[in-house]
Amino acid sequence: YCKVGKNIAEIVNNEMEIKLELLSSPVNLKEETLTLSSINNCRILLNGKADFAISQNDVHIKIPNEDTIRQNHYGIRSVLPLYPEIFFVIYKSDLTPTSLKDLIVGKKVAMGPKDSGTAKLTKIIFQEFGIDTSQYKPQYVSFENNVLSDSIDICCLVTGFNNPIIEKSLMRNGKLYSIGSYQLADRGSAAEGFCLKYPLAKPYIIPKNTFGNIPKEPILTIAIDAVLFAREDIKNEVVYNILRIIL
């Protein structure tokens, strides 16, 4: 999000009189100190601490009622889907799973911060595949530490394919897990079964050799959209001009 936000700020600042400033983590919100993540980005936006935010399209957040909005809270509106955020499952190459459940049960699984959209979506996917939270050991770590290590058997990420943290785990003898055969894409795969019940997601194929010579074969997984949101009280012409510049 930081990298994409920086790119957006640069192109907008070159074309418009307004200036976009990138927020850095953490952000103070009332009595809380928030790291920047999908859910927290929306909360920061709703409380008027930001004008725009990037977030997963599947976050659930309580929208204040009209009376509360008038008391220094703001509404939120979606502006533009930016890019697919892909669900990556990276595991140690000495593991030989026969299914997702076989891979996850009993393992130490990193999934980013506890309050992140990554952790939320990971748990939903596991639950749909019959894996309860009591059957594995969630490891809540910062995004930059969500990599394979002596204390982490598997790391799950919801991110763009060019996030350098992915290659960091792959260089530690990591492998990408495929949710079923890529040959079943559009033919009733397990990934499509999940998306049928979770319509904000879509099946996604990671092509062969996306990361150097990894993967050896295409990987079937799930993706959701990263979306640009705006505070509802920002003037329409400002939002439309920014949208035009991005496009």
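Which helix gives the most to the lining of the largest pocket?

1. Basis of the note. The model is predicted, so local features need pLDDT of at least 70 and side-chain atom pairs count only at pLDDT 80 or more, while totals for chains, interfaces and linings use all residues. Residues are numbered from 1 along each chain as its sequence is written, and side-chain values use heavy atoms, with hydrogens and water left out.

2. The largest pocket. About 1,500 Å³ of space lies in the largest pocket. A pocket is an open set of points on a 1 Å grid over the protein atoms alone, where a 1.4 Å probe fits, with protein on both sides within 12 Å along at least five of seven lines; lining residues have an atom within 4 Å of a point. The volume is the space filled by probe spheres set on the points, which are joined across faces, edges and corners.

3. Its lining. Of the 49 lining residues, the closest to the centre are Tyr 1, Cys 2, Lys 3, Asn 41 and Ile 54. Helix 1 gives the most, with seven residues. Helices (H or I, at least four residues) and strands (E, at least two) are DSSP runs, numbered from the N terminus. Elements giving two or more residues include helix 1 (2–15), strand 4 (76–92) and helix 5 (117–128).

4. Helix 5. The 12 residues of helix 5 should span 16 Å at 1.5 Å a residue, and the end C-alpha atoms are 17 Å apart, which agrees. The expected span is 1.5 Å times one less than the number of residues. Among the buried residues of helix 5 are Leu 121, Ile 125 and Phe 126; buried means under 20% relative accessible area, exposed over 50%, and partly exposed in between (1.4 Å probe, protein chains only). Just after helix 5, Gly 130 takes a positive phi of about 80°.

5. The core. The largest nonpolar core has 28 residues, and Phe 87, Ile 104, Phe 126 and Ile 222 have the most contacts inside it. Such a core is a set of buried Ala, Val, Leu, Ile, Met, Phe, Trp, Tyr and Cys residues joined through side-chain atoms within 4.5 Å. Helix 5 gives the most to this core, with four residues.

6. Cysteines. A disulfide is a pair of cysteine sulfur atoms within 2.5 Å, and the count comes to zero. For Cys 2, the nearest cysteine sulfur, that of Cys 42, is 17 Å away; Cys 2 is exposed, with a relative accessible area of 54%.
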